[in-house]
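Open the model in your viewer and follow the stops below in order. Each one says what to select and what is there.

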Amino acid sequence: MRTSHVMLLAAFALAAVGAARAQQGDTLTLEKAVALALEHQPSLSGAFGGVRAADAAAKQARAGFLPSVAFSASDTRTGGTVLLSPSIPPAHRTYTSYSAALQGALTLWDFGKTSGRLSQNDDLADAARGDYASARELVAVNTEVAYLAFLEAGRVVAVNEEALATSARHLAQARAFFLTGRRPQLDVTKAEVDSLNANVSLIQARNAYRVAKLQLENTMGVHPKNEYTVVDSSFVPAMYTTLVEARATALRNRPEVIAAQARLGAAQAGVTAAWGQHLPTISASGGYTWNGYAFPLLSRWSGGLTFSLPIFQGWALDAGVELAEANSQIAQSSLDVLTEGVLLEVEQQWLAIREASERAVATAKLVQESQENLNLVERQYAAGVATSLDESDARLTLANSEITDITARYDYRTAVIRLRRAMGLTVLPGGY
């Protein structure tokens, strides 16, 4: 297996060529494409908004441990008729009253209600960060896959261009042989049909190339107006890991798993907080007030402790506990389902690497044999031994084997990228 990887990597090193058709403009590398996607992909904005919202909720929950202080002041102008007693005639009076108050309150002990809410929101913030990390990884992987698909489409175009050029040379040769009486008119007709078929294949390959370019730009979230050159400047190392190691690494590193575990922790903290609603709360409060009709105002202070205990709330508290326990059960089920899905994804990509690696070694040999077969048939055709059909079949076999080889090599690189993603090992510019 290691020998196969060595042969495969050597083939990649020899085959690393520019795949874009543009002759001028900027150069786009895989690393730059990923960086552009992480900067411009619209889907990441919502995920980052989730992180901000979760952090704000955690800050709100943390405020329960801190005192609350409020200040108020008023300046009231009052006017009208005042009746002091039946023996005194009514009089019109206008006066101004002033008041101010500084009040503070602090929860001293609530038997875990505030700490439970804080733990719950902290876990939800961790889950949101895991979701954001997962979204960034997915954008990076989709960009890498689209980039490789673009490179692959460019190489397929090159193969079809070469096939069309070869068909044109064969057509010219068939016409020359026909004019000298060495070959029949049928050979010329067959060569013309082969040339037309090669041109149709080239048209399809070029369209697939344009579609691959659009898909890459859509994945990056960037649509350049100017032409640019895409080069195969990246190196994808072979993955030497056992399936057991790959599965264990995925469960440790996958952001989705980390986020699901955090949500389970939040749900469990929610159960604790819901139970705490049955327990009493002890709080302290106090303040200063100032009142009067003229300055200086008269002042007074107040302070005290409050003990509150819910006696009956219409079974709302019991329902809250039941709801929290149900949410915890849902979170546990979601984590279990996600874990199974991650393990399945890891195994599928691990097997895909093995299959693509072995297929690439086989297709490399296929291309070599197909090239040797075409060389032999062309010499035989020139000598009048082989038929036009023999040469046509040999050229078609070579073109198909080259395309199959290209597909196998890029399938291997794609499988490596997807396995790294499945294991939570995607390397991102600038981190999370």
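**Helix pairs**

Start with helix 7 and helix 8: helix 7 passes helix 8 in a left-handed crossing, that is, the near helix is turned anticlockwise from the far one by less than a right angle (clockwise would be right-handed). Helices here are DSSP runs of H or I with at least four residues, strands are runs of E with at least two, and both are numbered from the N terminus.

This is a predicted model, in which local features need pLDDT of at least 70 and side-chain atom pairs count only at pLDDT 80 or more, while totals for chains, interfaces and linings use all residues. Residues are numbered from 1 along each chain as its sequence is written, and side-chain values use heavy atoms, with hydrogens and water left out.

Select residues 255–276 to see helix 7; its axis and that of helix 8 are 8 Å apart, at an angle of about 165°. Axes are lines fitted to C-alpha atoms, for helices over the stretch in contact, and angles run from 0 to 180 degrees between N-to-C directions.

Next, select helix 4 and helix 5, whose axes come within 8 Å and cross at roughly 165°. The contact of helix 4 with helix 5 has 23 nonpolar, twelve polar and seven charged residues. Nonpolar covers Ala, Val, Leu, Ile, Met, Phe, Trp, Tyr, Cys and Pro; charged covers Asp, Glu, Lys and Arg; the others, Gly among them, are polar. The crossing of helix 4 and helix 5 is left-handed.

**A salt bridge**

Show the side chains of D55 and R129, which meet in a salt bridge at 2.8 Å, N to O. The term requires a side-chain nitrogen of Lys or Arg within 4 Å of a carboxyl oxygen of Asp or Glu. D55 is in helix 3 (residues 43–62) and R129 in helix 4, 74 residues apart, so the pair links distant parts of the chain. The structure holds 19 salt bridges.

**Two loops**

Which bond joins F295 and P296? A cis peptide bond, with omega about 0°. P296 is in the loop between strand 5 (281–292) and strand 6 (298–308).

Go on to F111, in the loop between strand 3 (91–109) and helix 4. F111 is not a glycine, yet has a positive phi of about 60°.
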